[in-house]
Amino acid sequence: MKETLHPPGTRADAYDRPSARFDGQGHIDVRASAAGSCRRALWYAATGHEPAPPGDEALTVMETGRALEPVVLRAMQRAGWEVAPADAALPTSVTVRLTPEVTVTGHPDATGTPPLFGEEAVIEVKTRGPSAFKRWQTLGAERSHPDTVAQAALYTYGLFGEARDAVIAVLDTGDRAWDSETVPAERVEDALERTRAWLAPLGAHYAAHGPDPEALPERDFEAGHWRCSSCPFLAACQPQAGEETGAEEDEAPHVSDGEAAEAVTAYVAARETLREPEQAKRQALDTLKAWMRHKGSAKAELKGHTISLVRSTRYAVDHKRLNALLDADTRREIVAEQTSESVRIT
Ligand code: SF4
C-alpha cells in the first residue's frame, strides 16, 4: 500500500501544490487534504484550469492554521504526549494508491504516542473557531469534519502501511483551548474505504477520457451548496452563480426569510400601536407629578384613584474607579458575568 510517488520536495511543493494533478505515470494524484473535495473541482485542478486566488480573509485563515500547528503540538508535549513534528522545511511526503488510476499524496503534520503508553499514531492538527470546535467536540470528527478523518487515514496508511488509531488534535482559536480525539483503527480503515469509493469514479473518468479538460465529470454539489460558495472553480463551473455574492452557508434556517420579514412587520406595527398610548401616559404622569409637587403632597385621591409621588434612589457603579481600586480576583467576586440573548430591531 505504501509507496512514495514524489521524492521529498520543496516546502512550496508540499504546501502549495494543486489539489490534483496528473503524475505522468497514468495516475491522477490528489492532495490528501482535498481527497473529499468535489470531483469536478479536482478535475479542473488536474487539467490546468486556473483556480480563483483565495481572498485576503481566506489567506489569513490558512496562515493562522499553519502558524498555530506547532503551538498545538507543543501543548500536546506539555500534556505528556511524545510528539515527532514534521520537518517544516522538508516535510515527509507520503502517497497511497487507492485505485489503479488514483493516488493521494500528502504531508502528515506529526506522529506521536499518547501519555503513558500507546502505539505511534498519525496526529492531524486543525484549528477551528469556537462554534466549529464545540461542534467537533459534541459530534466527533467523523460527523463534524469527515475530510479531516480521511486525511488522517491516508497518512496512517501512507506512513505505516496499515490501519492504526489516528489522532485529531484541534485548537479553539477563540479560547486557545485544545483537545484531541483518537479515531480507532477500524474506523480509520472505514475512512480510507470511503475515500477510495469517493475517488474511484474520478479514476474511471480519467481512464475513459484521458486528461481532457473539456470532458468534465458531473457536478458533485448543487448551486448554493457551501462547497460551491467557496470553490475556486465556481466561475468556470457555474458562471451565473459565480456572479452572485453572499451565497448562504450552512444548513437551511428553521425560519424562512418570508417568516422573518413578517415578524419584522408585526414588530414595527405593534411598536407603532403602542407609541401613542405610551406618549399619552408619559404626558399625563408628568402633569400629575407637577400637580403633586405644587401641592407639596406625596399622596392624593382623585377620580377614585390614589396618586402617589414615589421617590426612589438608584446607585450607579463607576466601573472605571472600581477597576482601578480592586485587583482582578476581587473584582471577579463582585462583578459577575451573566450572558443573555435578545433580538433588537432598529
Ligand atoms: S462549483 Fe461546486 S460543483 Fe462546481 S466544481 Fe466547484 S464544488 Fe464542484
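The model is predicted: local features require pLDDT of at least 70 and side-chain atom pairs count only at pLDDT 80 or more, whereas totals for chains, interfaces and linings use all residues. Residues are numbered from 1 along each chain as its sequence is written.

**Helix α6.** Select residues 146–160. This helix has 15 residues and reaches 21 Å from its first C-alpha to its last, close to the 21 Å expected at 1.5 Å a residue, where the expected span is 1.5 Å times one less than the number of residues. Of its 15 residues, 11 are buried, meaning that 20 or more other C-beta atoms, placed from the backbone, lie within 10 Å of the residue's own. Just after α6, Gly-161 takes a positive phi of about 70°.

**The core.** Display Ala-152, Ala-153 and Leu-154, which touch the most other members of the 55-residue largest nonpolar core, a set of buried Ala, Val, Leu, Ile, Met, Phe, Trp, Tyr and Cys residues joined through C-beta atoms within 7 Å. Helix α6 gives the most to this core, with seven residues. Finally, centre on Ala-153: leaving aside residues up to four places away in sequence, Ala-153 touches Ala-166, Val-188, Ala-191, Leu-192 and Thr-195, contact being C-beta atoms, placed from the backbone, within 7 Å.

Note on methods: Buried ≥ 20, exposed ≤ 12 C-beta atoms within 10 Å, placed from the backbone. Helix = DSSP H or I, 4+ residues; strand = E, 2+ residues; numbered from the N terminus. Contact = placed C-beta atoms within 7 Å.
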